[in-house]
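Thanks, everyone. Let me put the structure up, and then we'll walk through it.

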Amino acid sequence: MADVADRIGNVTRQRYEQLVTRAKELIAQIARAQFALGDMALEIEPMRSAGGSMPNGTEDLFTVTESSQMFADDIGVERRWQ
């Protein structure tokens, strides 16, 4: 019978280590996805000192907030500034 010290919660220490390894892999995937999404958002609205872009050559300003919100809505995520 396994000693209590050989268990963490309801799993063996070995299984716990497997879960930690898999969780770290998932966190790395999340980080890669966040950076990739950020790169895509910057392609849509590059960093600039002020304002936004005029998508159709008119005087109507399409703000960074509007374009980033549209992108977030279209891909089904919440837009957050961090």
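How many salt bridges does a search of the whole structure find? One. A salt bridge here is a side-chain nitrogen of Lys or Arg within 4 Å of a carboxyl oxygen of Asp or Glu.

Some ground rules. This is a predicted model: local features need pLDDT of at least 70, side-chain atom pairs count only at pLDDT 80 or more, and totals for chains, interfaces and linings use all residues. Residues are numbered from 1 along each chain as its sequence is written, and side-chain values use heavy atoms, with hydrogens and water left out.

The partners are arginine 22 and glutamate 25, whose side chains meet at 3.3 Å, N to O. Both sit in helix H1, residues 13–44. They are three residues apart, about one turn of the helix. Side chains of opposite charge can pair when their charged atoms come close. Arginine 22 is partly exposed, at 40% relative accessible area. Glutamate 25 is partly exposed too, at 38%. On cut-offs: buried means under 20% relative accessible area, exposed over 50%, partly exposed in between, with a 1.4 Å probe and protein chains only.

Now the overall layout. The protein chain has two helices and two strands. Along the sequence, the pattern is β-β-α-α. Helices (H or I, at least four residues) and strands (E, at least two) are DSSP runs, numbered from the N terminus. How much of the chain is buried? Buried residues make up 7% of its 82 residues.

Serine 67 is a buried residue, with a relative accessible area of 6%. Its place is in helix H2, residues 64–75. What does the serine 67 side chain make a polar contact with? The side chain of glutamate 45, at 3.3 Å. A polar contact is a pair of N or O atoms within 3.5 Å; within protein, one must be able to donate a hydrogen and the other to accept it, and residues adjacent in sequence count only if both atoms are side-chain atoms. Leaving aside residues up to four places away in sequence, serine 67 touches Ile44, Glu45 and Phe62. Touching means contact, heavy atoms within 4.5 Å.

Last stop, valine 77. This residue lies in the segment after H2. Valine 77 is partly exposed, with a relative accessible area of 39%.

That's the tour. Questions, please.
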